Amino acid sequence: ERARIEDDLRSGSVSVVVGTHTLIGERARFENLRLVIVDEEQRFGVLQRTALLEKAPWANALVVSATPIPRTLALTAYGDLDVTTIGEMPPGRGRHVSKCVAESRREFLLKEIGLRVKAGIKGFYVCPSVEESDAGLMDVGTASRKLRKHLPRGKRVAILTGRTPREERVRLIDDFRSDKIAVLVATTVIEVGMDIPTATLLVVDQADRFGLSQLHQMRGRVARGSDDSSSFFIVSEGAAEKAGERVKVLEASFDGFEIAEKDLMLRGPGDMVGTRQHGIPDLRFARLPEDTDMMLTARDMAFKRVLSHDASREWQTWVAAVRSLATGKTVII
């Protein structure tokens, strides 16, 4: 079937192929690929995106993300990306409130969840681990047992992870959508592709164990309808100060771009070229995101000069200086 689809694409009898990571594999070849759209861009690795685009360097590329990662912001300044921002929520969405909760108050939160479920609310409870471990991580089984103690009689709790067989996963999601399940205890498997507008409650246990973009993405699972929704992020007692600070960003903003910028300031954008996606880059005279506007202006001027094949002595001097800087030399102009 795969070989037939590839043949149909080459021959032109198929115009569009919707696929997963398999399109990046060595076997997939494209002879006339003109448009590449990467949805949920933050879920692809640097090398994966590069491998796909190298299959068709002449193609136009569109990357789409509701939660731009800090590296993406850095590439905006240094790469050849034109950025379009949709800065508003779809019409008809309800109000959303996010709250950070100390791990010591988990039992109080579980009681609150029980009261909300009794009132007819349903939602997700996300854990960082599938199984019990010595690392002190909350797992889905333990969380389920704790939840059941506080839920009203007849309200069902179910577990959904990446290990759940496909048929059972479909059944659980259908039961959750039809209110047969009140709370779905899950891992990050719910992060994308879960569209249940009637789910309005999210709890992420040990939220400091997750990335900020992940948390924002999961929060979008319960802010999809006209009803008001809420998210609770349980912060571990022993969480590092910066980890707790990252989570608190979610209390103040629901804007994915603002959240990514805050994450950028806290973690750094990583390498401009390469595979490292965190930490402070090797910039000697600039800071991100404070100097982003200046960098974008410089980038636009550079593109203009390159595309116009500027042969002036002034420009050639700058080109030589940049090449020297790239090799680690100190340059005075």
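What share of the contacts in the chain with a separation of 6 or more is accounted for by residues 24 or more positions apart? The share is 69%, where contact means heavy atoms within 4.5 Å.

Good morning. The model before you is predicted: local features need pLDDT of at least 70, side-chain atom pairs count only at pLDDT 80 or more, and totals for chains, interfaces and linings use all residues. Residues are numbered from 1 along each chain as its sequence is written, and side-chain values use heavy atoms, with hydrogens and water left out.

I begin with the chain as a whole. Its secondary structure comprises 11 helices and eight strands; these are DSSP runs numbered from the N terminus, helices being H or I with at least four residues and strands E with at least two. Of the 333 residues, 40% are buried. Buried means under 20% relative accessible area, exposed over 50%, and partly exposed in between, using a 1.4 Å probe and protein chains only.

I turn now to charged pairs. Side chains of opposite charge can pair when their charged atoms come close. The whole structure holds 14 salt bridges, each a side-chain nitrogen of Lys or Arg within 4 Å of a carboxyl oxygen of Asp or Glu. One of them joins Arg106 and Asp205, at 2.8 Å from N to O. Arg106 lies in helix α4 and Asp205 in the loop between β7 and α7, so this pair ties together parts that are 99 residues apart in sequence. Arg106 is buried at 11% relative accessibility, and Asp205 is buried at 0%.

How far apart are the closest N and O atoms of Arg171 and Asp175? They are 3.8 Å apart. Both residues lie in helix α6, four residues apart, about one turn of the helix. Arg171 is partly exposed at 40%, whereas Asp175 is buried at 12%.

A further salt bridge, of 2.9 Å from N to O, links the side chains of Asp195 and Arg224. Asp195 sits in the loop between β6 and β7 and Arg224 in the loop between α7 and β8, so the pair connects parts 29 residues apart in sequence.

Finally, consider Ser230, in strand β8. Is Ser230 buried or exposed? With 9% relative accessibility, Ser230 counts as buried. Its side chain makes a polar contact of 2.7 Å with that of Arg116. A polar contact is a pair of N or O atoms within 3.5 Å; within protein, one must be able to donate a hydrogen and the other to accept it, and residues adjacent in sequence count only if both atoms are side-chain atoms.
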